[in-house]
Amino acid sequence: MTTRLGLGLPQLKWADLGRDVPDVARFAERTGFDSVWVFERVLFPDPAAHGLYGVPGLPWPDDYRSVADPLVTLALAATATERARLGTSVLVAPLHVPFQLARSLASLDAASGGRVVAGLGTGWSVDEYAAAAVAPFERRGAVLDEVIDVCRAVWGPDPVAYEGELSRIVPSEVGPKPARPIPILLPANGPRALRRLVDRADGWMPIGAGADKLAGQWRRVREVAAERGRAEPVRSVLRVNPRYTPKAYDGKDRAPFRGSVEQIAEDLAAHAAVGLDEIFIDVQTSVRDAQELKDVAAELYAAARAAGV
């Protein structure tokens, strides 16, 4: 079965959001992409308390100096498209008030006719938590659990009622409701996160860093799902962040998804062979403007389909 393909929307400083987001979303749908995606960064600390991904000394990329709000970006894309699913990879859940996030996602799903995919995570930046989080960084896992609980409650039938550490919802009517149950997808980078994934989420959101590594991770997800008695299959969406170059990269130790369109398409085919449901590519860090994003994405789409993805 053909792997579904998605495209990351422009959110960086170079983008004219009101013009480029609808334009790229329309292009993606017209080209054949099945979905469009956004990510979340809320600030660029200088200096940062923690390195990139929490790795000491690893600098943040300049691309993070300005990142548009993910839900505003998806709302712009929703008005410009009819069928493409609208995904987040990922929303840093503890940076949002749970009830308000649940209502925003429900409203977007209702407005778009049931196209939202909610990828949620805990994040890694202490500085972002200091600026915006609803609880300390050390409680990020518990907050993610409560966000999931509140979303399920708010999206379910009225009366909605919930009692948690951060949220108290008295029996209430809460609308609009999503057009259908919004799927929640999670990363899983450790044993506890993996258990949360198979127990509480609809699907898994890994990052492409090598087909062999991905195959091992996917095997482990399915093993844990079987161990914990999960009956329904785990959905899967792979995020890919290519570093596109006009000419083929001829280094001996080429990293996955680095190089020409043809090389990236080869990597997409190798990762697709692992058996995931969907792959989306986010090339906005490798281009200068929306036109170049569309040109590269069109080439990648055609090359990936020609390679059997």
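## The largest cavity

Arg4, Arg85, Val117, Leu185, Arg235, Ser236, Val237 and Glu278 line the largest cavity. Here a cavity is a set of points, on a 1 Å grid over the protein atoms alone, where a 1.4 Å probe fits but cannot get out, and lining residues have an atom within 4 Å of a point. Its volume is about 40 Å³, counted as the space filled by probe spheres set on the points, with grid points joined across faces, edges and corners.

Strand β9 (residues 235–240) gives the largest share of this lining, three residues. Strands (E, at least two residues) and helices (H or I, at least four) are DSSP runs, numbered from the N terminus. By class, the lining of the largest cavity has three nonpolar, one polar and four charged residues. Ala, Val, Leu, Ile, Met, Phe, Trp, Tyr, Cys and Pro count as nonpolar, Asp, Glu, Lys and Arg as charged, and the others, Gly among them, as polar.

## About the model

This is a predicted model, where local features need pLDDT of at least 70 and side-chain atom pairs count only at pLDDT 80 or more, while totals for chains, interfaces and linings use all residues. Residues are numbered from 1 along each chain as its sequence is written, and side-chain values use heavy atoms, leaving out hydrogens and water.

Helix α8 (residues 261–272) and helix α9 (residues 290–306) pack at about 50°, their axes 9 Å apart. Axes are lines fitted to C-alpha atoms, for helices over the stretch in contact, and angles run from 0 to 180 degrees between N-to-C directions. The pair is therefore oblique; that is the class left over once angles under 35 degrees (roughly parallel), over 145 (roughly antiparallel) and 65 to 115 (roughly perpendicular) are taken out.

On the α8 side, Val261, Ile264, Ala265 and Leu268 meet Glu299, Leu300, Ala303 and Ala304 in α9, where contact means heavy atoms within 4.5 Å. The residues of this contact divide into seven nonpolar, no polar and one charged.

Definitions and conventions:
On a 1 Å grid over the protein atoms alone, a cavity is a set of points where a 1.4 Å probe fits but cannot get out, and a pocket is an open set with protein on both sides within 12 Å along at least five of seven lines; lining residues have an atom within 4 Å of a point.
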